[in-house]
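Welcome, and please open your viewer so that we can walk through this structure together.

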Amino acid sequence: MTTPTPPQPEQPEPGGERPEPGAAPAGAAGNDAAPTAPSEATVAERAVLRTALRDTLILIGALLVLGVGIGALVAGTAGVWGALVGAGLAAFFCATTIWSMLRTVGSGPTRMAAFVMGAWIAKVIVLIVVLALIQDADFYDPYVLLVVLAVGAIGSALLDYRAVKDGRVPYVQP
């Protein structure tokens, strides 16, 4: 039977400096290391954006149900179509912004800005095309469309604010 040896205190490196806890051993190449896990900030940012996306999709669902119901009461079939078009545009606008932010979490500010600006330009083009296509149509009620779209945009902005306010995203990265 052998006697276990007690643990020895860490000895300083021959150069006189101790390595930092968690640092790579001397001589380890930085490129050979395994990919690092996402930072705590990136994980927290994704959680905030997923919360905003989930809440926005719930808002759009409620907007569809209420908008179609109220649109039918106010303007009949034209009100239903106005609510459907308005909810579709609101869903496209709100979800596209959050989706573009989710795609660029952890990337540099230039890439993120380019991605978000590209999504914004795509949204403007879609809006112009949809409005041009339905400009002279009489199958929808434009007032119901406007109200549903406005409620969707304002509600989504408020939900995004709430998700960011309640999110636990660190201000600094250790």
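A residue counts as buried when its relative accessible area is under 20%, as exposed when that value is over 50%, and as partly exposed in between. Keep in mind along the way that this is a predicted model.

**Stop 1: alanine 44**

Select alanine 44, which sits in helix α1. Is alanine 44 buried or exposed? Its relative accessible area is 12%, so alanine 44 is buried. Alanine 44 and arginine 168 are 124 residues apart in sequence, yet 6.3 Å apart in space, C-alpha to C-alpha.

**Stop 2: threonine 42**

Next, pick threonine 42, also a residue of helix α1. Threonine 42 has a relative accessible area of 13% and is therefore buried. Which residues does threonine 42 touch, not counting residues up to four places away in sequence? Show Val105 and Gly106: threonine 42 touches both of them.

**Stop 3: a patch of charge**

Move on to arginine 46. Helix α1, which spans residues 40-75, holds arginine 46. With a relative accessible area of 31%, arginine 46 is partly exposed. Select Arg50, Arg103 and Arg111 along with Arg46, and you will see a patch of positive charge on the surface where these residues gather.

**Stop 4: the salt bridges**

How many salt bridges does the structure hold? There are three. Begin with aspartate 55, which is buried at a relative accessible area of 8%. One of its partners is arginine 54: the closest N and O atoms of this salt bridge are 3.0 Å apart. Arginine 54 has 47% relative accessibility and counts as partly exposed.

Because aspartate 55 lies in helix α1 and arginine 162 in helix α4 (residues 142-166), the pair ties together parts that are 107 residues apart in sequence. Arginine 162, at 39% relative accessibility, is partly exposed. Show Arg54, Asp55 and Arg162 together: salt bridges that share partners join them into one network.

**Stop 5: one more pair**

Finish with lysine 165 and aspartate 166. These two residues form a salt bridge, with their closest N and O atoms 3.2 Å apart.

Definitions and conventions:
Residues numbered from 1 in each chain as written. Predicted model: local features only at pLDDT ≥ 70, side-chain atom pairs only at ≥ 80, totals over all residues. Heavy atoms only, no water. Patch = residues over 30% accessible without salt bridge, like charges linked within 9 Å, V, L, I, M, F, W, Y side chains within 5 Å. Areas by Shrake-Rupley, 256 points an atom, 1.4 Å probe, with all protein chains shown as cover. Salt bridge = Lys/Arg side-chain N within 4 Å of Asp/Glu carboxyl O. Lys, Arg positive; Asp, Glu negative; His and termini not counted. Charge placed at Lys NZ, Arg CZ, Asp CG, Glu CD. Helix = DSSP H or I, 4+ residues; strand = E, 2+ residues; numbered from the N terminus. Buried < 20%, exposed > 50% of the residue type's maximum accessible area, 1.4 Å probe, protein only. Contact = heavy atoms within 4.5 Å.
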